[in-house]
Amino acid sequence: MTAHKISTPPSVWANDTKNLNVDEIKHAIQHHLLSFLGRDPDRASSRDICKALSYVMRDALIEKWVKTQKSYYDRCKKRVYYLSLEFLIGRSLGNSIINLGYDGPVAEAIDQLGFDLEEVREEEEDAALGNGGLGRLAACFLDSMATLGIPAYGYGIRYEYGLFYQRLVNGYQVETPDNWMRYGSPWEFERSQFLHQVNFFGRVNTYTDENGRICKEWVDTEIIMAMGCDMLVPGYQNDQVINMRLWTAKASREFDLSYFSRGNYVAAVEDKVRTETISKVLYPSDTLQEGRLLRLKQQYFFVAATFQDIMRRYKKKQTTFNDFSERTAVQLNDTHPAIAIPELMRLLVDIEKVEWDEAWDICIKTFAYTNHTLMPEALETWSVTMLGKILPRHLEIIYEINFRFLQDVAARFPGDEEMLRRMSIIQEGDVKRVRMAHLAIVGSHSVNGVAELHTHLMMTRIFKEFHEFFPGRFNCKTNGITQRRWLLKCNPTLAGLIQSRIGDKWITDLDDLKRLEPYAEDKDFIREWAAVKHGNKKKLAKFISENCELTVSPDALFDVQVKRIHEYKRQLLNILHVIILYYRILDRPHGDFTPRVVIFAGKAAPSYTLAKLIIKFINSVASVINNDHAVSGRLKVVFIPNYGVSLAEKIFPAAELSEQISTAGTEASGTGNMKFALNGALTIGTLDGANVEIREEVGEENIFIFGMTSEEVEREKQNPGRSPLDIYMSNPEIRRALDGIREGRFSHGDLELFRPILDTLMNPYDNYLLVKDLKSYMECQERVSLAYRDQVGWNRASILNVARMGKFSSDRTIREYAKQIWGINVADAH
């Protein structure tokens, strides 16, 4: 079909969308209420206004997106493809308004229509396209890529259901479906023209072509179609808009009509329903074979569709693959998309008939891999049997990659069978498995860690042999966060105070916050700073009252730990300290204690039994403490349910103490630590992940560090010193806390309920060293309580934390990726 060039249709705007005024915004909202939603503007609800306003913003975005895409083609720019199984973007409306520069006119227009903008924004559902730090990092990176003008695309899956909606019933986590799409999404563009065929199962056929070349073809496959859905990501007031393309599964045919002819109408739709489950839910349970099968199919599904898109775009102007890696950079966000390496090899060798060595050279120059875990048990592997059944040609390619790689290893280390075993992509054993991290390292030109400590441990522990084999391949790109969302949007009062003194350059250059440092000695500024924090605490206290039925005082220290519930993140350490503090107050009813509100939030994986029991334990301890009048006004504990991006935006501005207490050497980086610090919270933490670099930036006098270092942790695991039992016997406060749990003090006398937690704490081989770090943590918390009494000194440290957070902008991180990995000069990208 011939493509005809047509002129761009007129906009609904009277003027260019860059210069919207209040009346035009009101007119556009009313237009969308009528034409898109079929609603009488005089009877519109807050939800209707939210959707209509979202369409108004989307109109502005799509015009800028079209111009941005045209500029990429006109200048033949190198494209960056960021592949991630998660994009935890949260809500889009507020972010779009701010990045487009419409916050003033929009607020006025909404007010004139009789609504409150904050209430309207609350009507939007969080886009449940991710779980935790991995997905939120990807979202921050897209914001920075757009703001820096980098020609980039995010690729992932459009999950119909998110991880789950978390409810608390009698203190237990109860998972219910997170159907974030139940009201539809005004932000999506369905791209039915980008419908790609994705194959599974089948067999590999070997044949000889007309040139005598032995070739492979993947035949007799099961076919699923992938349809693209675009969500737009605006840069900050720079007219640049990029997009995430998220794939949704479609059946290759709507129905199998042969079933209709036999009258079996149910069977006719069964295949369609089964096919489309691939994009239904984020992270199916991997405890069952069906869940593991679906997870692997999800990973290949989005990779295969993405590379058809990449090839389509590349072939528009190129007829050979000589310049493929000069035009294409693919970043693998963890190992989930690592199946892309054999997929590109299959496309080049089997489909495009490129010779293996040339294809492999293209492959290595194209891919870069970001590692996100230090725990060997968390490194992804797939059984050879399962992978070979679902993706038979890919398993052949992986074996060929491994064979050639091990030949090089054997040449470097002749006769060293142990070295071959450790470095092999295939893990031998009763069940052979494909090590996806090894595949990603071998098939990429860059392997980066996400903090300096993480990178050091990668190179000296888990991937030591690879670092030595591939000198220069490993590097560090410390994570960052976007200040547009995590300060400007979520904490407007603090952002306004900062702008009143140093202007707004920090919005795109976070290093400019250093100009705040002199104000840490300005008494008037310190008072204003404290007033902003107190106002944010009052807002969070109101939210807790309305949603958790608990009254907390904004005058108390807000001590916050919000993150995924996991043993290594050590929520247990925190709640043990709470129990010890509780007993201290009971023992000294007239003692002078620093009042605290200890706030928890986070989800446990549905199949992670101990993590779910930790949630119950926290809530049981909270129930005892919150109902004990003997500690009223001095200690409260709350677990806020259903933690996600929008809840985080309420918590971070109010937090005063940031709990970053993972066992040293387990957290790759963390980004919550950065968000808390950027909003003026002081950190209590171990020297783990990015905490090390935060201490270097803010100064050790402005952070509270405790516990063993990663080297001490490693030595303790190899040569244990004092056991948890020894510590229990020698420390009365720790013994009393553990005895309280054992005796049913927090379980209504049930001696068995929390026995698994006690067993974990008293295990002499506890990998997370909870009891062994507890005394150091208790002492550090005493320093916190003392420091908080000096409010001038506390707020001075708070100001300096914010002023010295420039390094932790995702803009800096993306500049480093662009220059050092992708080969893109950011100055030239605009």
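**A buried loop residue, and what lies beyond**

Guide: Find D334 in the loop between β10 (328–333) and α11 (340–351). Helices and strands here are DSSP runs, numbered from the N terminus (helices: H or I, at least four residues; strands: E, at least two). The model is predicted, so local features need pLDDT of at least 70 and side-chain atom pairs pLDDT 80 or more, while totals for chains, interfaces and linings use all residues. Residues are numbered from 1 along each chain as its sequence is written, and side-chain values use heavy atoms, without hydrogens or water.

Now look at the backbone of D334. Its phi is positive, about 75°, although D334 is not a glycine. Is D334 buried or exposed? D334 counts as buried, because its relative accessibility is 12%. The cut-offs are simple: buried is under 20% relative accessible area, exposed is over 50%, and partly exposed lies in between (1.4 Å probe, protein chains only).

Go to R570 next. R570 is in the loop between β17 (557–562) and α22 (571–587). Here, too, a residue other than glycine has a positive phi, this one near 60°. R570 is buried, with a relative accessible area of 1%.

Step from there into α22. I575 belongs to that helix. I575 is buried as well, at a relative accessible area of 0%.

Now step back to the whole protein chain. It has 34 helices and 22 strands. Of its 830 residues, 61% are buried. Its C-alpha atoms fill a box of roughly 90 × 75 × 60 Å along the principal axes. The radius of gyration is 28 Å, which agrees with the value near 28 Å for a compact globule of 830 residues. That radius is taken over C-alpha atoms, and the globule rule is 2.2 Å times the number of residues to the power 0.38.

Charges come next. Side chains of opposite charge can pair when their charged atoms come close. How many salt bridges are there? The count is 58 (a salt bridge is a side-chain nitrogen of Lys or Arg within 4 Å of a carboxyl oxygen of Asp or Glu).

Take R484 and D143. They form a salt bridge, with the closest N and O atoms 2.7 Å apart. This pair links distant parts of the chain: R484 sits in helix α19 (residues 483–489) and D143 in helix α6 (residues 133–148), 341 residues apart. Both R484 and D143 are buried.

E160 and K280 make another salt bridge, and their closest N and O atoms are 2.8 Å apart. This pair also links distant parts of the chain, 120 residues apart: E160 is in the loop between β2 (152–157) and β3 (165–169), and K280 is in the loop between α8 (265–275) and α9. E160 is partly exposed at 24% relative accessibility. K280 is partly exposed too, at 29%.

A further salt bridge joins the side chains of E716 and K772 (2.5 Å, N to O). Helix α27 (residues 710–718) holds E716, helix α31 (residues 770–789) holds K772, and the pair links distant parts of the chain, 56 residues apart. E716 and K772 are both buried. Elsewhere, salt bridges that share partners join R191, D230, R245, D309, R312 and R313 into one network.

Helix α9 (residues 289–315) also contains E290. E290 counts as exposed, because its relative accessibility is 60%. E290 and G94 are 196 residues apart in sequence and 39 Å apart in space, C-alpha to C-alpha.

Two elements give two or more residues to it: α4 (103–112) and α5 (117–122). D116 lies in the loop between α4 and α5. D116 is partly exposed, at a relative accessible area of 38%.
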